[in-house]
Amino acid sequence: MCVSISQVSRLRFHSFGSSCCERVHGWLKNSSSLKLLDVRASSVDGKARWVRRNVSTTTQGSRSNNTKSSVLGGTIPVTRIIDEESRTKIQQQPFGNLQQRLSQDKDLPKLLTVIVSDLETTGFNRTKERIIEIAAQDLAGGENSTFQTLVNPGYVPVTNTHIHGIRNDMVRRPEVPRMEDLIPIFLRYVESRQKPGGYVMLVAHNGKSFDFQFLINEFNRCSFEIPHNWLLLDSLPLGREHMKIIDPTVKPKAGLEVLAEHYSLTRDGDAHRAMSDVLLLSQVFQKLTIDLKLSVSDLVLRSHTASDIATAMAKNKKA
């Protein structure tokens, strides 16, 4: 079985310039060398072996006294520790109008961490199906800026292998972590990238209709809460907005592949594998923010909280 993904060392982000700190392309740091988190352990026969290690952590992104967390054969050093005073301040703030309040904060660029994400699933039903692969990348780059792993869906079979190429025998194995074990590790990864007292924006293409709904349902199923200082941004509307400007006469198509072709970008890895999609979306997203002249505040105002999306999901379920 091969569960490895293509190397990403050849990928280099285009420089966003540095003349205007408020603009997204001036705020995000250009990464000269991206390192893919090693999520596999090598074996004598040269084949990939999934390794599962115990991790001590708690819910809602809170961290134990440990300074490292194991991730399937690798570790995430916690380099930016959020002190208890900052955590308490975040938890006590009124989150009813988080986006508007945060967008007006003059220190927003110093508070926000942008993480591009993608996931693959056993099928399309947001309630019955399960996540089988997760990948993420902090756009600030640097060491341990990426996260990727397969996920064991338990008794739920994979029915859409033709889309992503992930088979039942690749994920329904005892050594592949289940979602309830993986969530604390993913929370620790996100928190390790978070700025002290800051916020996290999770970006996904078609996220509002797909990725974020799966994530919310899986967190709920495993008795976890998505942290209150996370914002969820769907990049698909940005793509549609840009493509409509390019040609106002036709209904805009803004799938990830369409946008990649529009920007003459090449994919590193197979389509519809989580890390390959993340690396491509990272480039597309940055180009969209430049072309649409979006500031960090603009992105915050276009984002959603998990509560926003959960409420919409509940309304749609009743309808």
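## Helix and sheet packing

Helix 7 (residues 179–193) lies across strand 3, strand 4 (131–138), strand 5, strand 6 and strand 7, and runs at about 5° to strand 4. Helices (H or I, at least four residues) and strands (E, at least two) are DSSP runs numbered from the N terminus. The model is predicted: local features need pLDDT of at least 70, side-chain atom pairs count only at pLDDT 80 or more, and totals for chains, interfaces and linings use all residues. Residues are numbered from 1 along each chain as its sequence is written, and side-chain values use heavy atoms, without hydrogens and water.

The open sheet has five strands in the order 5-4-3-6-7, with mixed pairing (two strands pair if DSSP finds at least two bridges between them). Its edge strands, strand 5 (146–150) and strand 7 (230–234), each pair on one side only. Strand 3 (residues 112–121) and strand 6 (residues 199–204) run parallel and are joined by five bridges; Leu 112 has Tyr 199 of strand 6 as bridge partner. Helix 8 also packs on the sheet, touching strand 3, strand 4, strand 6 and strand 7 (contact: heavy atoms within 4.5 Å).

Two helix pairs are listed below; axes are lines fitted to C-alpha atoms, for helices over the stretch in contact, and angles run from 0 to 180 degrees between N-to-C directions.

| Helix pair | Angle | Axes |
|---|---|---|
| Helix 9 (residues 236–246), helix 11 (residues 274–291) | about 50° | 10 Å apart |
| Helix 8 (residues 207–221), helix 13 (residues 306–318) | roughly 100° | within 10 Å |
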